[in-house]
Structures are given as structure tokens and as C-alpha cells.
Amino acid sequence: MSQHRHPGAPGRAGAVPALPDLPEATVARLPEYLRALHNLAETGHETVSSEGLANAAGVNSAKLRKDLSQLGSYGTRGVGYDVALLIEQIEYVLGLTQRRAVALVGVGNLGHALAGYDGFASRGFRIAALFDADQERVGEEINGLVVRHIDELPRVATDESIAIGVIATPAAAAQRVADQLVSVGVTSILNFAPCVLSVPEGVDVRKVDLAIELQILSFHEHRKASLTALPAAGGPALTALPGGLTVTESQEAIGT
């Protein structure tokens, strides 16, 4: 890890060194720490212990201390972490010291809701442009922005310095939109369409599929229900099969 401070890095003592090479799991947790820190700052907290921050972020304190040590932040024994400084450090590492321009493509029900969400601005982003291929939606105004036709993407991407593309189209259109975003220089894409995108090396894609998340929760509900339905101790365990059939463990073992 380089110990030389990046020219744009925070300047106070204990500032994070030039972009550390962080594990993906750590990067995924940093936004949770940042959210918790902003909440603490808004309620007047100037310092926070590792245990307090870990509880607020929903992780264990040992993991949090390890993550933050990779940023060069170790806190002060008996005091904890300086909330404002830690916000500054994490925002720098996440590249949030500048408001990144985002293009949202697809203003159906989900896209419309995303375009109207005010929380992006407070987290370092601005929705700079809205696009759709449906002429009936072109010209509609959402949260102060006029929906443009997707054919205007090349010009607007240059004018607005678009850094990130958000795809909220039907699955059938998502790959074509991804190709268009890549062709205008966008190398970071957030995909809400229920499909897998094919992109060139160097383009980062994050996928958000609400149906998949619900299916995972359904598994946990199913597992909890099956545990509460276990037979009394000593009896043969039953395994549920599609169609309402059940077999015992002994039947499974001999294949009957």
C-alpha cells in the first residue's frame, strides 16, 4: 500500500493514503459505514467507538476495525474515531469528493421512482440526464429534468460528463442500452434489468435484481417453516418433494 498522500486526499492528520487496494468485501461495507457516520454526525456525535459504529452499520467490531485500518484510520484509544474525519476519509476512497453525473435510461415505473429520489444528491451523485426510447415519454419532466430520446445520449454524455449509467429498462432492451453507454465512454453501469449484461473488460457492472432478493428471502422463510415442522425426536425425518410427496431419510439413502 502506498503511503504517499494523493494530491486530492484529505489534508488533516491521519488522512487516508493514496487509494489503497481494498478487498471487494471491504469496499462493499464502506457505504454502510458512511451511512452510519452521516447519521451520527446529524445527531451531533463528534466521536464514535468501534463497537458503536459497528452496531450502527450492522457488522462486528473486529471486522470494522480491520476495514478501517486499511484506510489508515485506527481511532484513538479511549476516544474512538473522529466522525467528521472518518466521513472525509471514506468519501475520498469512494470517490465521492466530487458529485458524479449519472445518466438514467428507462423511465418506466422503476426508472420514474429512481429519477424522483432525492437521496442521491446527499450521497455524492446527481442525476444529470434521463433517457427513454418511447416517444410518448420523451419530453416528460421528472424532478426538474426533461426526458430525452436515447438517440441524444452521445451529445448529452459529453455535455454533462456522464460518469455512471443506470439501466432501468425491460430486459430485452438492456444489452442494447449497455452497448450505447459503453460506446460513449461510460465505464460504470448499475443494472436494474433482470438479465446479465455482456460488457468489455474495464467496464464495471453492478446488478440489482429485486426478484432475486425476494427469492432468497423466500428460501429463508421456507427453511424456517421446515424447521418448525420437524417431527418429534427419534422419528424419521421427512423431506418435502414437489407435488406434495414426502420421503424419509432412510428412503433417500437407499433410493426407494
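Trainee: In strand 9, which residue is the bridge partner of Leu190?
Mentor: Residues are numbered from 1 along each chain as its sequence is written, and side-chain values use heavy atoms, with hydrogens and water left out. Helices (H or I, at least four residues) and strands (E, at least two) are DSSP runs, numbered from the N terminus. In strand 9, the bridge partner of Leu190 is Arg206.

Trainee: And in strand 9, which residue partners Ile189?
Mentor: Strand 8 and strand 9 (residues 204-207) run parallel and are joined by four bridges. Two strands count as paired if DSSP finds at least two bridges between them. For Ile189, the partner in strand 9 is Val205.

Trainee: What about strand 7: which residue in strand 8 is the bridge partner of Ile167?
Mentor: Strand 7 (residues 162-167) pairs with strand 8 in the parallel sense, over three bridges. Helix 7 (residues 171-183) sits between these strands in the chain, and the three make a right-handed β-α-β unit. Right-handed here means that, with the strands pointing away from the viewer, the path from the first strand over the helix to the second runs clockwise. In strand 8, Ile167 is partnered by Asn191.

Trainee: Which residue stands opposite Ile164 in strand 7?
Mentor: Strand 7 also pairs with strand 3 (residues 100-105), again in the parallel sense, over five bridges. Five of the six residues of strand 7 are buried, so strand 7 is largely enclosed by the rest of the structure. Opposite Ile164 stands Val102.

Trainee: Which are the edge strands of the open sheet?
Mentor: Seven strands make up this open sheet, in the order 5-6-4-3-7-8-9, and their pairing is mixed. Each edge strand pairs on one side only; the two are strand 5 (141-142) and strand 9.

Trainee: Over to helix 1: how far apart are its end C-alpha atoms?
Mentor: The expected span of a helix is 1.5 Å times one less than its number of residues. The 19 residues of helix 1 (residues 24-42) should therefore span 27 Å, and the model agrees, with end C-alpha atoms separated by 28 Å.

Trainee: What covers the buried residues of helix 1?
Mentor: Its buried residues include Leu30, Tyr33, Leu34 and Leu37. Just after the helix, Gly44 takes a positive phi of about 90°. The cover over those buried residues includes strand 1 (47-48), helix 2, helix 3 (61-69) and helix 4 (83-93).

Trainee: Leaving aside neighbours within four places in sequence, which residues is Glu51 in contact with?
Mentor: Glu51 belongs to helix 2 (residues 50-57) and is partly exposed, with a relative accessible area of 43%. Its C-alpha atom is 5.2 Å from that of Ser61, ten residues apart along the chain. Counting heavy atoms within 4.5 Å as contact, the residues are Ser61 and Arg65.

Trainee: Is Ser61 buried or exposed?
Mentor: Ser61 lies in helix 3. Beyond four places in sequence, Ser61 touches Ser50, Glu51 and Ala54. Its relative accessible area is 18%, which means Ser61 is buried.

Trainee: Which element of the chain has the lowest mean pLDDT?
Mentor: The chain averages a pLDDT of 85, and 82% of the residues score at least 70. Over residues 247-256, though, pLDDT stays under 50. Where pLDDT is low, the predicted coordinates should not be read in detail. Strand 8 has the highest mean, 98, and the lowest, 43, belongs to helix 9 (residues 249-254).

Trainee: Last one: what share of the 256 residues in the chain is buried?
Mentor: The chain has nine helices and eleven strands. Among its 256 residues, the buried share is 35%.

Notes
Predicted model: local features only at pLDDT ≥ 70, side-chain atom pairs only at ≥ 80, totals over all residues. pLDDT = per-residue confidence, 0-100. Buried < 20%, exposed > 50% of the residue type's maximum accessible area, 1.4 Å probe, protein only.
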